[in-house]
Amino acid sequence: MFKNIQVKICGLTSLEQAQAIAARGVTALGFICLDRSPRYIDPGAIAKILQALPNSLLTVGVFVNHSLDEIYDIAHHTGLKGLQLHGNESVEFCQALRHALPEQVLIKAIQVRDAQALERAKTYDQTVDILLLDAYHPQQWGGTGQVLDWSLLQTFQPACPWWLAGGLKPENIHQALTMANPQGVDVSSGVERSPGIKDIFLVEQLLDTLTEANYRLNNYP
Ligand SMILES: O=C(O)c1ccccc1NCC(=O)[C@H](O)[C@H](O)COP(=O)(O)O
């Protein structure tokens, strides 16, 4: 019996790697729009990559406390289909963004430090399309390779779909999915040679592990 899973590989910086990973049937690719990140890619480069990718792919821009105007301009310039808010954005901010860009898939990331963070996550579940649970790190917003406490997630059932992130890699993805039951997973540093440079072999290993565990990759939605 197959189980469906959506897979996002995040932190792409080159067309060649984006095309190679898209060809493996992943659901989504993420592009970091925070210029302090080692995985930053500028909007012009994102736009060029997006033109060469299949239409079925969900292309996601990752933002951290950007203003609504900045996100709006980048979304229009690039053609990104999804917007991931990875900072302290409020529910009200998400509502305003939803109103300004109704066509885009809205993802809110929450850094999970304890069970309270899961309650906070649920306050967004009527407003966004996907909740993304990531590991907490005191200095960094994301792409940290830190794992969160999966045992907290066994009963997590928000009103919208949710994806698991945080230190996922070929060696631990199966165990993570036996402890938590997300609709999708989001992976960055666990399939990287260095920040922003993916290791296609590790991406394949990750996807093979999922296939061997009877997961079938799905497009969004
Ligand atoms: O990846 C970054 O550099 C980054 C910087 C600032 C905000 C978010 C960032 N990444 C967001 C992602 O969606 C990552 O895939 C997610 O944090 C998981 O990363 P990892 O633990 O390395 O798999």
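Tutor: A polar contact is a pair of N or O atoms within 3.5 Å; within protein, one atom must be able to donate a hydrogen and the other to accept it, and residues adjacent in sequence count only if both atoms are side-chain atoms. This is a predicted model, in which local features need pLDDT of at least 70 and side-chain atom pairs count only at pLDDT 80 or more, whereas totals for chains, interfaces and linings use all residues. Residues are numbered from 1 along each chain as its sequence is written, and side-chain values use heavy atoms, with hydrogens and water left out.

Student: Which strands each supply at least two residues of the shell around the ligand?

Tutor: The shell holds 22 residues, where a residue is near a molecule if one of its heavy atoms lies within 4 Å of it. Strands are DSSP runs of E with at least two residues, and helices are runs of H or I with at least four, numbered from the N terminus. The strands that each give at least two shell residues are S1 (3-10) and S8 (184-187).

Student: Is Gln6 buried or exposed?

Tutor: Gln6 belongs to strand S1, and a polar atom of the Gln6 side chain lies 3.3 Å from the backbone oxygen of Pro221, a residue joined to Tyr220 by a cis peptide bond with omega of about -5°. Buried means under 20% relative accessible area, exposed over 50% and partly exposed in between (1.4 Å probe, protein chains only). Because the relative accessibility of Gln6 is 6%, this residue counts as buried.

Student: Where is Asn214 found?

Tutor: Asn214 has a positive phi, near 70°, although it is a residue other than glycine. With a relative accessible area of 34%, Asn214 is partly exposed. Its place is the loop between H7 and S11.
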